Amino acid sequence: MKLMLSRFLAIVILVIPGVAAMTGFLKMKDALFIYMSQHGDDSLTQVSFDWLNFTVGLLLFVLGIGFLGGWIYFRDRKRNYAGPRKKARQAAPQTTSQK
């Protein structure tokens, strides 16, 4: 039961940033779509861009993708799935000179 609960909590922890990234993407898409569609409307005299909605969307998208990407990166490093360039550098073995 404890293992099942811990796996469920891990999935919830990963779903929340995914939903935040999705919401951010949709907010940015909607802000751009509304701006582009207002250019085709002849009844409007002034077209404005919704910077607040776009900025909030960009922030949510970057934070969500950053969290998920970081989680995958550190999990892969822990399980040695990362390439040799991404692995943590080990200290060079010290040589002892004997005379």
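## Starting point: Leu26

Leu26 sits in helix H1 (helices are DSSP runs of H or I, at least four residues, numbered from the N terminus). Leu26 is partly exposed, at 36% relative accessible area; that label covers what lies between buried, under 20%, and exposed, over 50%, using a 1.4 Å probe and protein chains only.

This is a predicted model, where local features need pLDDT of at least 70 and side-chain atom pairs count only at pLDDT 80 or more, while totals for chains, interfaces and linings use all residues. Residues are numbered from 1 along each chain as its sequence is written, and side-chain values use heavy atoms, leaving out hydrogens and water.

## How the helices meet

H1 covers residues 2-39 and H2 residues 51-78; their axes come within 7 Å and cross at roughly 150°. Those axes are lines fitted to C-alpha atoms over the stretch in contact, with angles running from 0 to 180 degrees between N-to-C directions.

Over in helix H2 you'll find Trp71, partly exposed at 38% relative accessibility. Trp71 and Leu14 are 57 residues apart in sequence, yet their C-alpha atoms are 8.8 Å apart in space.

## Salt bridges

The whole structure has 2 salt bridges, each meaning a side-chain nitrogen of Lys or Arg within 4 Å of a carboxyl oxygen of Asp or Glu. Asp30 pairs with Lys29 at 3.3 Å, N to O. Asp30 is partly exposed at 35%, and Lys29 is partly exposed at 40%.

Arg75 pairs with Asp76, with their closest N and O atoms 3.3 Å apart. Arg75 is partly exposed at 29%, and Asp76 is partly exposed at 21%.

Technical notes:
Helix = DSSP H or I, 4+ residues; strand = E, 2+ residues; numbered from the N terminus.
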